[in-house]
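Subject: Structure for your files

Hello,

Here is the structure I said I would pass on. My notes on it follow below.

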Amino acid sequence: MLRLSEAEEKAVREFRSVHVDHRDRSFGGRVFRSPTLFEDMVKCVLLCNCQWPRTLGMAQALCELQLELQNGSPCAVVVSSNPKVEASEGFVPKTPAAKETRRKKASTKGMLLKKKLELEKDGILQMDHVLVSSSNTTLLPTDNGDSKELCSDDDSCHWFPNGKEYFSRTGNFPSPSELAKLDESFLAKRCRLGYRASYIIELARAIVEGKIQLGQLEELSNDASLSCYKQLDDQLKQIKGFGPFTRANVLMCLGYYHVIPTDSETMRHLKQVHSRDTTTKTIERDLEEIYGKYEPYQFLAFWSEIWDFYEKRFGKMNEMHSSDYKLITASNMRSTSDATKKRKRPSRKCQC
């Protein structure tokens, strides 16, 4: 959903007035956010130290789990000493957790082609600019009419079909009260969250117990004034698992656009688009030199640029089939010459 408020409308108008050189780009300054701040906060945690396909998979698994909880399927819980955190009977979920193992080429040959044919047969595949090969790769047409091979991440193959199949097994994003009662090890295994499970459960319990007041955080950010930024940042810093990258993303969701969250994808973009020899030591300086002129909307300028880069490489995002969202990874951003070189697959490393 879009942020729609007087403060946000003001920010969009001001950003467009200082970003006049790129009015032809799709992104015009409006940022999508989740229906609740809690959902935004959890999704920011899911971005940490993993590739984009796994982030998508973890978010989908949480929504599948919510449907199980809503339908009364039993799940592993712990008993909390706080009466606000209700406990229920322990059990094993009906839907098994998705596995994320390294795929062997021999066993996956033709898998993507088979899936594409199945979707076409069901009448739910509406995208024709991605060509599927008979191996574990996908081909994307380039500007000169040739096909560029895109890597499909070995450790994550999540399909997001349109239509009844998806919506029949996916619920809403789970609420704090739904997650607060779950056992950490169960949540980590069911949704493949790894160490993130402890952060998410602790956040959910703190909200249910009243230790974290999301309403107060929202109110502080109503006008997105820079005077409130440090106060909000200090409050978020007290939450376990909320490092600089996660906090910057959460504050961006709250309407603060003067800080650009930095991770390996940020560095890749600066190197590939701006030919910067960016490192963790120089990234803040490089960002200031490139986007400082758009203050206090540096993030919006950066996002407009990186979104434009994605669309030139993959096509319009609103026309992309949801099953191909996982292709938007660093390994598929390399230049043609780089793509032919064998190198270790990068991951989204950051100080979360």
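Helices α13 and α15 are roughly perpendicular to each other, a label for angles of 65 to 115 degrees (under 35 is roughly parallel, over 145 roughly antiparallel, the rest oblique). Their axes come within 12 Å and cross at roughly 70°; axes are lines fitted to C-alpha atoms, for helices over the stretch in contact, with angles from 0 to 180 degrees between N-to-C directions. E265, T266, R268, H269, Q272, V273 and H274 in α13 meet F302, E305, I306, F309, Y310 and R313 in α15, where contact means heavy atoms within 4.5 Å.

Before the rest, the conditions. This is a predicted model, in which local features need pLDDT of at least 70 and side-chain atom pairs count only at pLDDT 80 or more, while totals for chains, interfaces and linings use all residues. Residues are numbered from 1 along each chain as its sequence is written, and side-chain values use heavy atoms, with hydrogens and water left out.

Overall, the protein chain has 16 helices and three strands. These are DSSP runs numbered from the N terminus (helices: H or I, at least four residues; strands: E, at least two). Of its 352 residues, 51% count as buried, meaning under 20% relative accessible area; exposed is over 50%, and partly exposed lies in between (1.4 Å probe, protein chains only). Among contacts with a separation of 6 or more, 68% join residues 24 or more positions apart.

- α15 covers residues 298-314, and its 17 residues reach 24 Å from first C-alpha to last, close to the expected 24 Å; the expected span is 1.5 Å times one less than the number of residues. Since 13 of the 17 are buried, α15 is largely enclosed by the rest of the structure. G315, with a positive phi near 95°, follows the helix.
- α3 covers residues 52-70; its end C-alpha atoms are 27 Å apart, in agreement with the 27 Å that its 19 residues should span. Of those 19 residues, 16 are buried. The helix is followed by G72, whose phi is positive, near 85°.

Some loop residues may be worth a look. In the loop between α14 (283-291) and α15 sits P296, and the peptide bond from E295 to P296 is cis, with omega near 5°. N49, in the loop between α2 (37-46) and α3, has a positive phi of about 50° although it is not a glycine; at 27% relative accessibility N49 is partly exposed. R192, between α8 (184-190) and α9 (196-208), also is not a glycine and has a positive phi, near 55°, but R192 is buried, at 16%. A224 lies in the loop between α10 (214-220) and α11 (226-237). Leaving aside neighbours within four places in sequence, A224 is in contact with G255 and Y256.

Regards
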